[in-house]
Amino acid sequence: MHIPDGYLSPSTCAALYAASAPFWAVAVRKMRSVLTTRFVPMVSLFAAFSFVIMMFNVPLPGGTTGHAAGVAIAAIVLGPWLGMLAVSIALAIQALFFGDGGILAFGANSFNIAIAGSLVASAVYRVISRSTAISSRRRVLAAGIAGYAAMNVAALLTAVQFGIQPALFHDALGTPLYAPYPLGVAVPAMMIGHLTIAGLAEGLVTAAILAWLQKSEPSLLAMETRSPAPGWQLTRRAWGWMAILLLLTPLGLLTAGSAWGSWSPDDFRDPATRQEIEAGSLGADLPAGVPAGIERFSTLWTAPVSDYAPGFMRSEVFGYVLSAMFGIGLIIASTMVLRRLAGTAEPVAD
Amino acid sequence: MAGRGFLERSLDGLLRASDHALRAERANERHGLLQRIDPRAKLVSLLALLLAGALSREIIPLLGLFLLAAALALVPPGSPRAGVIRLWGITSLFTAVIIAPALFMTPGPTIAHVAGLEITATGARTAAFLFLRTMSAATFGWVLITTTPWSSILGALRSLRVPAVIVLILQMTYRYIFVLLQSAKDLLVAARSRTLKKPDGPAGRRVAGGLGGALLSRSIHLSRDVHSAMISRGFQGDVRLLDAPHAGVKDWAVAAVAIGVAAVAVIIGR
């Protein structure tokens, strides 16, 4: 799954470096504060472990073999942040020294495998294993599913990054400049192999290693490499910024017209809005009426607070602010529910 | 034990990694022209040429970049030519498998018929783009790694403002990869020598899990030992690295030429 150079455009590579950078920065900051002097040797040794485990061949059902990435077991044992760093370092050495994966594409590979893979593996493992005992069989199942999910999410992200290249990057003759297959080809091509072989390899290796650790080194499954729960004090500054942004939300009302691609059926019927759409679409001709799909699906769901304008508010500005407060409240409530479902961070000791 | 099981294939993978590292180190020991250029200049040149290969939208400049990379890999006396030819074989095979369907699937005017399928001009062009980009990127990377010791590459990264702690981690990881490779080889050989029947299927997965778990356990214990050794030598969490020697005018002239070539490739390929 390592993306070589040449398959993604420089702008896609740059965007994925930019997307990965905050995760790396947060991971380094969190882990340095938790591990202090242990930070350097732990990341180094686990990166080396990640590198070596990627070379192991694993027998799969059906007589085939596959390779695991080790990202799931790293995230489960070390926590997502340390796991993400260790796998990123392993990918960097693979790219720079062994030519496995591109240098320009390193950001993409890290984002898909190290970052998304670690976060998905850690979240899935926590939700399924909850607060069960370290020796519980449920943890083995959780590890297997976490590994499978992590590998397939990484593959899906890779497939999407490949699949958007032809539409976005082609020459004047329409020739794709990088990965040549559209989403309709890239996604099934990548996912078939990962849903059947690569994901299975990762899932089985993760489950097998966890089962071995349960018997031989259960203390490693309770390693304190996870960062302490932040608490509200540590997020006060973030909340402050959130409050400022909330008050600035009505600025959106200053813009005229609707965002490109967010049109309603009425926009297609209104001559003035049709002219705006055409101007924003580089002069492309619009269909005569409302596109059938937009007409059919526009009534599928009626939002309770349509257009961020509660019915009982006369002022648009206050309606926006109130909608933003309500939205933030919903997100906090959802996060608390998910956290409850995921159980506590520390497992119950035997 | 009949046939090659997963133990043998895993061992092959580990041996290939060790072999690659050994070849690269041997190539670095030569006193060639490229070996004498400052690693920072080489790294900057590599990045410029990689970027040029990614930005160019025409076949001719991409072909030019690939030929330049091939010349740098093959021409200097004592270059590990067998290694780069093997690299080309693997890269072109992998790329061919990926790109072959695009020859027929990409819409465009037909230029040839093969086994009842129509190769389109657009398909051939996109295949050429991908092939030349991947081959030149892989070859430039090969040239860097066979003319620059890994420790010098890390020093160059530090000069390019990569944080010292990351450079130290890369350095330590590289060293301990070979420690763990040896550990993994020992585990695999021990497992292989203690089995009569090829352990595939569920038994094989248990063995693989045990090997992976044992390796993880060794990594964790080794990290604790390394940490104790670092603390006992005065490490307090701050990372300080020695500054690399300054690059000379000649080195930066080489980098300027590489950047110039990259710029020409991008301009021609716009």
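Good morning. Over all chains, the structure contains 12 aromatic pairs. Please keep in mind that this is a predicted model.

Where do the two partners lie? A:Phe97 belongs to the loop between helix 4 (80-96) and helix 5 (106-129) of chain A, while B:Trp150 belongs to helix 7 (residues 150-159) of chain B, so this pair joins two chains. Are these rings buried or exposed? A:Phe97 has 3% relative accessibility and counts as buried. B:Trp150, at 5% relative accessibility, counts as buried too.

Next comes a pair within chain B. B:Tyr174 and B:Phe178 are also arranged edge-to-face, at 5.0 Å centre to centre and with 80° between the planes. Because they stand four residues apart in helix 8 of chain B, about one helical turn separates them. B:Tyr174 has a relative accessible area of 9% and is therefore buried, the cut-off being under 20%. B:Phe178, at 25% relative accessibility, counts as partly exposed.

These residues belong to a wider arrangement. Ring pairs link A:Phe51, A:Phe97, A:Phe98, B:Trp150, B:Tyr174 and B:Phe178 into a cluster.

I turn now to the helix contact. Helix 2 of chain A, residues 39-53, packs against helix 8 of chain B, residues 164-193, at an angle of about 45°, and the axes are 7 Å apart. The two helices are therefore oblique to each other. The crossing of helix 2 of chain A with helix 8 of chain B is right-handed. Which residues meet there? From helix 2 of chain A they include A:Phe39, A:Val43, A:Ala47 and A:Phe51, and from helix 8 of chain B they include B:Val165, B:Leu168, B:Met172, B:Tyr176 and B:Leu180. By class, the residues of this contact comprise 19 nonpolar, two polar and no charged.

A few words on chain A as a whole. Its secondary structure comes to 14 helices and two strands. Of its 350 residues, 48% are buried. Among the contacts in chain A with a separation of 6 or more, 70% are between residues 24 or more positions apart.

Let me close with one residue from each chain. A:Leu119 sits in helix 5 of chain A and is partly exposed, its relative accessible area being 31%. Apart from neighbours within four places in sequence, A:Leu119 is in contact with A:Phe23, A:Pro80 and A:Met84. Between the C-alpha atoms of A:Leu119 and A:Leu8, which are 111 residues apart along the chain, the separation is 24 Å.

In chain B, B:Trp252 is located in helix 10, residues 249-268. With a relative accessible area of 39%, B:Trp252 is partly exposed. What does B:Trp252 contact, leaving aside neighbours within four places in sequence? The partners are B:Arg40, B:Ala41, B:Val44 and B:Ala247. The C-alpha atoms of B:Trp252 and B:Asp38 are separated by 8.3 Å, although these residues are 214 residues apart along the chain.

Thank you for your attention.

Notes:
Residues numbered from 1 in each chain as written. Chains lettered and ligands numbered in written order. Predicted model: local features only at pLDDT ≥ 70, side-chain atom pairs only at ≥ 80, totals over all residues. Heavy atoms only, no water. Axes fitted to C-alpha atoms, helices over the stretch in contact; angles between N-to-C directions. Parallel < 35°, antiparallel > 145°, perpendicular 65-115°, else oblique. Left-handed = near helix turned anticlockwise from the far one by under 90°. Contact = heavy atoms within 4.5 Å. Nonpolar A, V, L, I, M, F, W, Y, C, P; charged D, E, K, R; others polar. Phe/Tyr/Trp six-rings, centres within 6.5 Å; stacked < 30°, edge-to-face > 60°. Buried < 20%, exposed > 50% of the residue type's maximum accessible area, 1.4 Å probe, protein only.
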